[in-house]
Amino acid sequence: MQLTQSLPHTIESVYRRFDYEQPLRCRLDLALPAIYRFNLGSDVDAGCQLPVNQRMRDAPGFFERTASRKNEPFVGHIKSVISNRRFRFHWKHTRQPMATQIKFGTSGWRAVMAEEFTFANVNRAVHGIARYVSSQQSNGAKAKVIVGRDPRFLGESFCATAADILSSYGITPLVIAEPAPTPTISYAVIQSKADGAINFTASHNPPEYNGIKFSTPDGAPALPEVTQAIESEIAAFLTDANPQTPHAAKADVQSQSIDPRRMYLSRLREIVDLDVIRKAGVKIAFDPMWGAARGYSDASLREAGVTVATVHDTRDVLFGGHAPEPDDHLLEDLRCKMREIGAAIGIATDGDADRFGIVDEDGTFIQPNYVIALLFDYLVETRGWRNGVGKSVATTNLINALAEKHKIEVHETPVGFKYIGELIKQDKILIGGEESAGLSIRKHVPEKDGVLAGLLCCEMVARRGASLGKQLGDLFGKVGSFYPLRENFRLTPEVKQKFTEKLTHDPGEFHDIKVAQVVRTDGLKLVFADGSWVCYRLSGTEPVVRVYSEARSREDLAKLSAAAKAWIFD
């Protein structure tokens, strides 16, 4: 009874705080009972998706569609409470003197929903993007921008809001009605010759987050000069004395609906030899982690006649109650499915399908560093490409050793796939990757593609007729072994200040080890005579230092890791 009496006030408060950019103490807890349960071991079906033009004013429909039948009385009451409370975003609230600063990092802007990721801030961000896109047009050219999303909560509403704002600037919104992988959106930008894409996604972040990625007309993640320009436009919009948009006096441009799924899958069939997988008779298990790759990786394999089984193949805005990250500790259900069907490989993707996770036939998680190295060697062998390899400064030197063996140039970039994307656009590399599970290849999108990565691994296992563990052992036999590690350490303000100063100096020694080379591509990387190395990168958003280490044996890695940690706090 208490819940019943308090609901009208609670829901009204939720709406008001979304509108006025006020933080919600309970975040999205109001919606959680309708999802049925948090259960890490079971699929959680959040039901059907809302039409793209449906907004928060249609919240009764949202709750009805996302509810388990066991919660019908609760959902019915929510419907009765909010049926007459129509939500509309008030444009006058977009210009607040104390508004959150919106910063685009290496993968766009991300924030917790109802705290910083609010309708007010989304409006500001999209206005900034629209102003930037408009500024890039010449001779009265008509711009068009793709609007897409992953399956996160309120994604449909954010897309509809973005479409409204873009059209008010005379920019045609090309709206993708269903959740779509980030690489699919990238490919759609290129094929439709769009002027960019707004992608509502927080990728592998926990379910309470959402975010915006902006892709430029080449389908690549926006470079720093572009995101800085967008941030400037957001700030200018906030302080602009004239609230009218450039095309406010004109009739709004109508949004168009597009579905790039088929053309993207067609492109994958051109890149990946699916016949090799089918003829080898290998069975595959796939985990989209409730994310945007549902109906992509599995559909490609199934249509080619390959046996594939899936887990977590429903929409769940809570992603099972954890981050949709295809990391070792979150792939146990995939392993169970592999054992059930006798799969030779398990493939997984994150929330927006730009990252991958790979499990070998014995259940061993193959870390992304090794996957990139294996595919590099495989593509040289099977495609005959020799035009370079790209890797971030924090990615394994196993790639360097293979490049030396194949006599191929190495391009080492700062962390952030946008830099590798530039090399792909220039056709300087046959493959580029980062240790954080992102890769793409020559003649494909200049964006991370987790769907492609998984399918290429299936092809590699099928063609070579060997497990990934066996193939990795063969690589070690050719160029030596490499053992990489990534660790995060949280710093107190005092330690951070001291360590930040320490990073400005080039040390000649590191815990009695002579430093052979100092690399400043991104952060501080110290390379030693035996080929081992350690790299420090301070986070720009939290008091954390990321430490990447690599040694030539497990024993040496343990020693190097201990030394790397001690050096922070010395």
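Me: What makes helix H5 mostly covered?
Reply: Of its 17 residues, 15 are buried. Buried means a relative accessible area under 20%; exposed means over 50%, and partly exposed is in between (1.4 Å probe, protein chains only).

Me: What kind of model is this, and how are residues numbered?
Reply: The model is predicted: local features need pLDDT of at least 70, side-chain atom pairs count only at pLDDT 80 or more, and totals for chains, interfaces and linings use all residues. Residues are numbered from 1 along each chain as its sequence is written, and side-chain values use heavy atoms, leaving out hydrogens and water.

Me: Why is H5 called a helix, and what is its span?
Reply: A helix is a DSSP run of H or I, at least four residues; a strand is a run of E, at least two; both are numbered from the N terminus. H5 covers residues 119-135. Its first and last C-alpha are 24 Å apart, close to the 24 Å expected. That expected span is 1.5 Å times one less than the number of residues. The chain holds 19 helices and 21 strands.

Me: Why is Cys-159 called buried?
Reply: Its relative accessible area is 0%, so Cys-159 is buried. Cys-535 is buried too, at 0%.

Me: What makes a nonpolar core, and which residues touch the most other members of the largest one?
Reply: A nonpolar core is a set of buried Ala, Val, Leu, Ile, Met, Phe, Trp, Tyr and Cys residues joined through side-chain atoms within 4.5 Å. The largest has 95 residues. Ile-277, Ile-284, Phe-376, Phe-510 and Tyr-536 touch the most other members. A second, separate core of 39 residues includes Ala-111 and Phe-237.

Me: Which residues is Tyr-536 in contact with, beyond four places in sequence?
Reply: Among them are Phe-499, Phe-510, Val-547 and Trp-567. Contact means heavy atoms within 4.5 Å.

Me: Where does Phe-319 lie, and is it buried or exposed?
Reply: Phe-319 lies in the loop between strand S8 and helix H12. Its relative accessibility is 0%, so Phe-319 is buried. Its phi is also positive, about 50°.
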